[in-house]
Amino acid sequence: MEEYELARWLATSGLSQGAIDTFLQLDSIRERVQPSFATKYFFFKKVDQLPIGPSFTSKPVLIKGDLLDEDGNVMTEEVEVFFRNPVDCVEFLIGNPMFHDHLTYAPARVYTSDKRKTRIYHEMWSADWWWKLQSKLPKGATIAPVIIASDKTCLSNFSGDKTAYPVYITIGNLSKSLRRQPSKQATLLLGYLPVPSLTCCSDNLRSLKTYELFHECMKKILEPLEKYGLEGKQMVCADGKLRVVFPILGAYVADYPEQCLVACTRENRCPRCLVDPKERGNPEPSERRRQKSTLDILREDHDDQSAETAASMESCGLRSIFPPFWSNLPHTDIFSCFTPDLLHQVHKGVFKTHLVSWCTSLMADGVLDHRYQSMPVHPSLRHFKNGISHIKQWTGKEYKMMEKVFVGVVAGGVNNPDVVHAARALLDFIYHSQFPIHTSATLEQMAASLNDFHRFKDVFITEQVRTHFNIPKLHSLIHYVDAIKSRGTADGFNTESPERLHIDCAKKAYRASNKRDVGPQMVLWLQRQEAFALRSAYITWAQSSSSEDDSQDSESNASDADVDQKSEVDDDADIHESSNASLIPFRTSSFSHDQATISVAKTPPLQSISISTIQRHFGAVDFLPCLINFLRLRHQQFHLQYTIPTRDDVFRLYKQMVLDIQPGTLLLPPFRDRVRATPARVSKILPRLGKLPLFDTVLVQNPPGTTFPVRVAQVRLLFQLPSYIAHHPTPLAYVEWFTEFKKTKGPARMYEVQKARQSGKRSAEILPISRILRTCHLIPKWEGDNMDAIPPDKIFDKYDTYYVNDFVDLHSYINL
C-alpha cells in the first residue's frame with residue numbers, strides 16, 4: 001500500500017520523467033523506501049499494468065484542399081483523431097459499482113402530491129424525452145441517454161496558438177451531482193478532434209473544410225451508437241443485473257458557436273428553431289427545426305445544387321455539410337438535444353455583456369462602481385473593492401456575484417423605473433434557470449419572468465441604448481422551459497463542467513508532453529492518470545463496503561425507494577402514467593420549515609472580554625441592560641436562577657456560528673451558512689482579528705402571532721453566559737433590530753426595512769442563538785447619483801432604509 005501511494009504521487013504530482021528518474025535515484029529512496037521500480041522505465045512499466053478504463057484508438061483523416069503544389073498536384077493534409085468507443089464508455093459508466101447509488105435505469109414522472117397536477121423536473125429521468133422514448137423501445141429495454149460535450153481550448157498560457165479539441169461523454173442515468181465532479185470519473189474524455197493548419201486550402205474554403213472535418217471525425221467516433229442505439233447491447237449494470245442497454249444520444253452540451261457547428265447552421269441563426277434573424281427579439285416561439293426535413297435539404301444541396309435548393313438552404317440558414325455526423329443516429333433529434341448554456345448564454349451573455357452595459361450607460365459616471373464598492377458584506381458575497389469596471393478577467397463566479405446585488409445597485413440609479421422593471425424581470429429569469437429542481441409551477445413563473453422582460457425591454461430603445469434586440473443569446477432563453485421539460489434542469493448540462501475538465505484532460509496532459517506530436521503522449525498520460533484514479537476509487541469503495549453495517553444499507557436503500565423502485569420498468573410492465581408515476585411530498589417553502597443544526601467553537605476563542613470592550617469595539621452599547629432584561633424574562637418564564645451582572649464581569653465570545661440548513665422544500669439542497677460577529681483588529685486588546693469588522697445581518701424567528709415569521713437584525717455579539725451569573729444551555733446573541741418587513745411599491749420588488757429605534761437609540765435585545773434562522777443581506781436604498789464610495793463597514797452608519805436582498809442566494813430568493 002505504501003508503494004502504491006508513492007507511485008500515485010509520482011504519477012499525479014506533475015513531475016517530469018527526468019525528475020522522476022532523479023527522485024528514484026536518491027539514496028534515501030533507494031535505501032529506505034526501496035521501491036520495486038528503480039528507474040522511470042520500470043516505474044511506468046508497472047503503471048501500465050494497472051487496470052484502465054475504455055482504451056483509445058486513432059484513425060487518420062485525409063483533408064483535400066483546393067490549392068496546388070509546385071508539381072501541380074492538389075495539396076492535402078493528413079490529421080489523426082484519437083477516440084474511444086462510446087459504447088465501451090457507456091458500458092464502463094453504467095457498470096461501475098462505485099456509481100451504484102447514483103444510477104437510475106428507467107424514467108419516472110414525479111408529482112408534488114397524489115392529485116398529480118404539478119410535475120417535478122430535476123434529473124434527466126424525470127423529464128419528458130426519456131419517458132416518451134421508452135415507449136418506442138422493446139419491453140425491458142434500458143435507455144442510456146448519451147450526453148456529449150465538445151469545446152476547443154487553448155493549451156498555452158501566455159503565448160502561442162496551441163489548441164486542443166476535447167470531446168467528453170457521460171450518461172443521463174448518472175445523477176447530475178456526480179457528473180459535475182471531475183474527480184469521480186463520471187464524465188470521460190471520449191476523444192481529441194484534430195485541429196489542422198489547413199494550409200492546403202484557400203481562405204474561401206478553409207471555414208467549410210473545418211466544418212466538414214468536425215462532422216467527419218464525430219461520425220467516426222459515434223459510429224457504434226448507430227448500431228447499438230437500434231439493437232441494444234447486453235451490459236452488466238452496477239447493481240449486478242444484466243440489462244439490454246440502448247445508448248442513444250440524448251443531449252449535446254456546447255456553447256452557441258459549437259451548437260451552430262453541430263446543427264450545420266450559420267452563426268446568425270438559431271440552432272433550435274427557424275426564427276428569422278431579424279425577429280430574434282420577438283418573444284413569440286417560431287417553428288422548431290426538424291431533423292428529417294433538414295437532412296432532406298442538406299442531401300438535395302449535396303446532390304443537386306439547384307436554385308430551389310439554394311433558396312431552402314438560405315431560408316433555413318444551413319451550411320453545405322453532408323452528411324452531418326448525426327444523420328444516422330437512431331431516435332435522435334439533434335436540434336432538441338441542445339441544452340441551456342447558463343455560463344455563456346445567461347451569465348456572460350445576456351447579463352454581463354448586455355444588461356450590465358445597458359444599465360451602466362443609463363447611470364451617472366462611476367455610480368455603478370461606487371455602489372459595488374459600498375455594498376455591505378455577506379459570507380456568500382464577493383466584495384468588489386475596486387468596483388467592476390477594472391476587472392480584467394471574468395469567470396462564471398464573478399458574473400454570479402454581480403447578479404446577487406445587481407437589482408439593488410440599479411434601483412434608484414436610473415431615471416426611468418421601467419429599466420429596473422426590466423432588470424428585475426431578467427434577473428428573475430436567471431435565478432429560475434438555476435433551480436436544481438423545477439415544478440410545472442416554477443416553470444410557469446420562469447416563462448412569465450421572460451415575458452415581463454420583453455414587456456419592458458423597449459425602455460432601452462426609448463433611452464437610446466439599443467436599436468434592436470436581435471441578439472442570439474437573448475433569443476436562446478425562449479427555449480429554456482421546453483429544454484428543461486424535455487431533458488431536466490439546466491444545472492445538469494452547464495458548460496462550466498467541460499471547461500473544468502479541460503484542465504485535467506487537455507492542459508495538464510499537454511504540459512506533460514514534450515510539445516511535439518502531442519496526441520499519443522496526451523492519451524497515454526491520461527490513461528495513466530485514470531488508472532490511478534480508478535485504483536484509488538476502488539480501494540475507497542471496497543473499504544467503505546466492508547465497513548458498512550447491513551442496517552445502514554437497508555436505511556440507505558429505503559430513502560430512495562419512493563422514486564427508484566417505482567420508476568423501475570420491468571419486462572412485463574407497460575409504460576403508463578398510473579403505474580410508474582412517483583410521488584414526492586412537497587410543500588411551499590418557508591423559513592419556518594427549515595431545519596438547522598447550529599455549531600460554535602468548542603471553546604470560545606475570545607476570552608475574558610470586558611463589558612467596556614464589548615460596548616466600545618463590538619458596538620453593543622446596551623449590552624448590560626439588555627442582559628439584565630433577558631435574565632429577568634427568563635426567570636419569569638422558566639424560573640431561571642441568576643445573579644445580576646455588573647460592569648466588572650467578563651465574558652467569553654465566539655467569532656462566528658455555523659448553521660447547517662436543511663431547507664423545507666425539495667427545490668433546494670442542504671447548505672451551510674455562517675454568522676460572523678467580530679470587530680476590526682485592535683492591538684493588545686483584540687489582536688487576532690481581521691482588518692475589517694464583520695457584523696452580519698440575520699433573519700430571526702418571530703414569536704407566534706406576528707405578521708411575518710421572521711425579522712431582520714444585525715448580530716453584534718455571540719457570547720457564552722458565565723455559569724456564575726446563570727446557567728443557559730446555548731450561547732446567546734446581542735442583536736440590533738430592524739423594523740418589520742414592508743412591501744415596497746417600487747420596481748425592485750424587494751422588502752424594505754429600517755433601523756428600529758427606541759427613545760432615539762437602536763433597539764437591541766439579547767436572545768438565544770437558536771432563534772437565528774440564517775443570514776440575510778441588506779442593500780441601502782441609495783439616495784441620488786452623486787455619491788462617493790463608502791467603506792462597507794461604514795454603510796450602516798450612513799443609511800436608515802434598506803432593501804432585503806432576495807437575490808443573495810437561491811434559498812433567500814425562494815423564501816422572500
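Helix α13 passes helix α17 in a left-handed crossing. Please keep in mind as we go that this is a predicted model. In it, α13 covers residues 342-362 and α17 covers residues 417-433. Their axes come within 12 Å and cross at roughly 165 degrees. With angles over 145 degrees counting as roughly antiparallel, α13 and α17 are therefore roughly antiparallel to each other.

Who makes the contact? From α13 we have Leu342, Val346, His347, Val350, Phe351, Leu355, Cys359 and Leu362. From α17 come Val419, Ala423, Leu426, Leu427, Ile430 and Ser433. By class, that contact has twelve nonpolar residues, two polar and no charged ones. For background, nonpolar side chains in soluble globular proteins tend to be buried together.

Let's stay with Leu355 for a moment. Beyond its neighbours within four places in sequence, Leu355 touches Val350, Phe406, Ala423, Leu426, Leu427 and Phe460. Which residues touch the most other members of the largest nonpolar core? They are Leu355, Phe406 and Phe460, in a core of 80 residues. Helix α17 supplies the largest share of this core, with ten residues. There is also a second, separate core of 62 residues, with Val79, Ala238, Tyr252 and Phe325 among them.

Now look at helix α15, residues 396-403. Six of its eight residues are buried, so α15 is largely enclosed by the rest of the structure. Those six are Gly396, Glu398, Tyr399, Met401, Met402 and Glu403.

Over at helices α1 and α2, we find another packed pair, with axes 10 Å apart and an angle of about 150 degrees. Leu6, Trp9 and Leu10 of α1 meet Ile20, Phe23 and Leu24 of α2. That contact is made of six nonpolar residues, with no polar and no charged ones.

Finally, some backbone details. Most residues other than glycine have a negative phi, and most peptide bonds are trans. Here, though, the bond between Phe322 and Pro323 is cis, with omega about -5 degrees. Pro323 sits in the loop between α11 and α12. Gln185, in the loop between α7 and β9, has a positive phi of about 60 degrees. Lys515, in the loop between α22 and α23, has a positive phi of about 70 degrees. Are these two buried or partly exposed? Gln185 counts as buried at 16% relative accessibility, while Lys515 counts as partly exposed at 36%.

Notes:
Residues are numbered from 1 along each chain as its sequence is written. Side-chain values use heavy atoms; hydrogens and water are left out. Axes are lines fitted to C-alpha atoms, for helices over the stretch in contact, and angles run from 0 to 180 degrees between N-to-C directions. Helices (H or I, at least four residues) and strands (E, at least two) are DSSP runs, numbered from the N terminus. Angles under 35 degrees count as roughly parallel, over 145 as roughly antiparallel, 65 to 115 as roughly perpendicular and the rest as oblique. A crossing is left-handed if the near helix is turned anticlockwise from the far one by less than a right angle, and right-handed if clockwise. Contact means heavy atoms within 4.5 Å. Ala, Val, Leu, Ile, Met, Phe, Trp, Tyr, Cys and Pro count as nonpolar, Asp, Glu, Lys and Arg as charged, and the others, Gly among them, as polar. A nonpolar core is a set of buried Ala, Val, Leu, Ile, Met, Phe, Trp, Tyr and Cys residues joined through side-chain atoms within 4.5 Å. Buried means under 20% relative accessible area, exposed over 50%, partly exposed in between (1.4 Å probe, protein chains only).
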